[in-house]
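Biologist: I would like to learn how to read contacts, interfaces and pockets. Can we take them one by one?

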Amino acid sequence: MVTLYPFLHMLAVSLSSNVNVIQNNISFWPKGFNLSMYKLVLGDPQIWTAYRNTIIYTVLGTLISLVVTSTGAYALSRKDMALRNSFTVLIVITMFFSGGMIPTFLVVRSLNLVDTVWGMVLPGAVSTWNLILMRTFFSGIPKELEESGRMDGLNDIGIFIRIVVPLSKASFATIALFYAVGMWNNFIFPLLYLRSPDLFPLQVLLRNLVLAGSASSGDVTSIGGDNMVVEESLKYATIMVSTLPILVIYPFVQKYFVKGAMVGAVKG
Amino acid sequence: MTRIWNKNKALWLLFLPCLLYYLIFRYAPMFGLVITFKDYNLFKGIWASDWVGLKYYQMFLENPDFWPLMKNTFLLGLYKLVFGFPAPILLAILLNEVRKAAFKRFVQTVSYLPHFISNVIVASMVIMFLSPTGGLINNLLAWIGVGPINFMNEPGLFRGIYVLSEIWQHIGWETIIYLAALTAIDPQLYEAAEMDGASRLRKIWHVTLPGISPAIVITLILNIGKVLEIGFEKVFLMQNPAIYDTADIISTYVYRVGMVQGNFSYGASIDLFMGVISLIFIYTANLLSRRLSETSLW
């Protein structure tokens, strides 16, 4: 109840007519139903640019992360790989100690990634947590399957692509979801690594519109009597529009998240 | 030597992208920390900049902002630990007592949801709901006759608001680990307790809690270790200059001083200083737990 109500309230306010918003008499259901706020939000070209950017970052970032994480995790899951333990230590150290915001920024800048799409998708390409999760998945695959692949003349890369990947669709889906949500919601990377508004994703636009308080366009004043209040339902509408994809997809993919978290919880 | 190479060639090739990622984006910054002992100059680059020894550390320690920042960071983390840590345990136990499977599933599904909403949106919601002009909470307060409170401008309220919003956001998600641990408890234990005439509360106390205590201890160590690592994003989004007294923490200060004002060396020094203290925290928490409960991370 406590969780759902805020969302319902935002939806109700964003769908209500200004008079009712001004009188503060909306709680559950919209009063004086109207879609003008949504028309305004969706008519703003900034939203579409930000949407497009977010989708690009999410798709590209998830693909890169998935490839790098799964190949790395598979190699680490193979007990016969030389230097396996050294690599594992190398990776685990990063969970406890890091260079921090500024040295990382200097590295990203020296690679000329600032203000590019790559600056959004590469610096966070691997999450150590997801890597360990995937390694655990892969360790569970019976060794006999790999041996049968070797009999058929496959090398390690062949075994990974032909045997391991098709067997691990569910774990790929889970990790992809984790990465995709992380990328969709990412605010700190664009804050640090992006400069030009053309590249801003939804999260940055949202912050500028809703938190920094600059209303999206001059049209706002012409719509209602009291600016503050109209601004409120406009802001709610903006929030709803940018959160909708997650709210819609969520019920369908929730069980994957839970499965992933469970595996992580059990193996620690 | 060639034999090892030939045998591992393919696996190493698979691992290569991952290795490169860690070397470039995780290890290179660690070596970049030498700038904390140098006067980093944009044009000279890291290597040519002049050595200044511990100048920036001294600068931070002597800065009048030092103690308030330490206090804010520590207290915010501590409040989050004290109030945020038991919350999901409580919810998990309550859910465990729910008999209707459909209702339980519904509650779980809904309570996980905010975990997937971005910090920008959560911060926006908090600020808008608490707004003195037409915010939901102030409307409710007006209804019971309490005049509008400008929540986000009261330094005294920030910690409470932040911690409550953290609990709201993550409580459901954090119950997963406890619910997983709960399923591992042998139902016979409950039956035995019932035979002995145990009430519901007694059963929770003597069966449920001991059953999930290993999970509780591990999570507690992890959380103690993370007391000083409060998420930058959300504090940054929720704070404003009017409440810097309580809302300004090390990471947001590092961002402001280091990134916005361009004092790279100074900012990185503060970050490293806190990183080392954080490490001591994790180490101590783990050591204590190994002594007291024989459960530890390593």
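Modeller: Start with contact: it means heavy atoms within 4.5 Å. Keep in mind that this is a predicted model.

Biologist: Which residues in helix 10 of chain A meet helix 1 of chain B?

Modeller: Asp156(A), Ile157(A) and Phe160(A) do. Their partners in helix 1 of chain B are Lys7(B), Ala10(B), Leu11(B), Leu13(B) and Leu14(B). By class, this contact has 6 nonpolar and 2 charged residues, with no polar ones.

Biologist: At what angle do the two helices pack?

Modeller: Helix 10 (residues 156-167) of chain A and helix 1 (residues 2-32) of chain B pack at about 50°. Their axes are 8 Å apart. The two helices are therefore oblique to each other.

Biologist: How much area do chain A and chain B bury between them?

Modeller: The size of an interface is often given as the accessible area lost when the parts come together. Here the two chains bury about 6,900 Å², 79% of it on carbon and sulfur atoms. In chain A, Phe97(A), Ile102(A) and Tyr250(A) lose the most area to chain B, together 10% of what that side buries. The contact takes 81 residues from chain A and 70 from chain B.

Biologist: What lines the second largest pocket?

Modeller: Rolling a probe the size of a water molecule over the atoms shows where empty space is left. The second largest pocket holds about 680 Å³ of space. Its lining has 30 residues; Val210(A), Leu211(A), Lys235(A), Ile127(B) and Met152(B) lie nearest the centre. Helix 15 of chain A gives the largest share, 4 residues. By class, the lining has 15 nonpolar, 10 polar and 5 charged residues.

How values were computed
Residues are numbered from 1 along each chain as its sequence is written. Chains are lettered from A and ligands numbered from 1 in the order in which they are written. This is a predicted model: local features need pLDDT of at least 70, side-chain atom pairs count only at pLDDT 80 or more; totals for chains, interfaces and linings use all residues. Side-chain values use heavy atoms; hydrogens and water are left out. On a 1 Å grid over the protein atoms alone, a cavity is a set of points where a 1.4 Å probe fits but cannot get out, and a pocket is an open set with protein on both sides within 12 Å along at least five of seven lines; lining residues have an atom within 4 Å of a point. Grid points are joined across faces, edges and corners, and a volume is the space filled by probe spheres set on the points. Ala, Val, Leu, Ile, Met, Phe, Trp, Tyr, Cys and Pro count as nonpolar, Asp, Glu, Lys and Arg as charged, and the others, Gly among them, as polar. Axes are lines fitted to C-alpha atoms, for helices over the stretch in contact, and angles run from 0 to 180 degrees between N-to-C directions. Angles under 35 degrees count as roughly parallel, over 145 as roughly antiparallel, 65 to 115 as roughly perpendicular and the rest as oblique. Buried area is the accessible area (1.4 Å probe) that two parts lose on being put together, summed over both.
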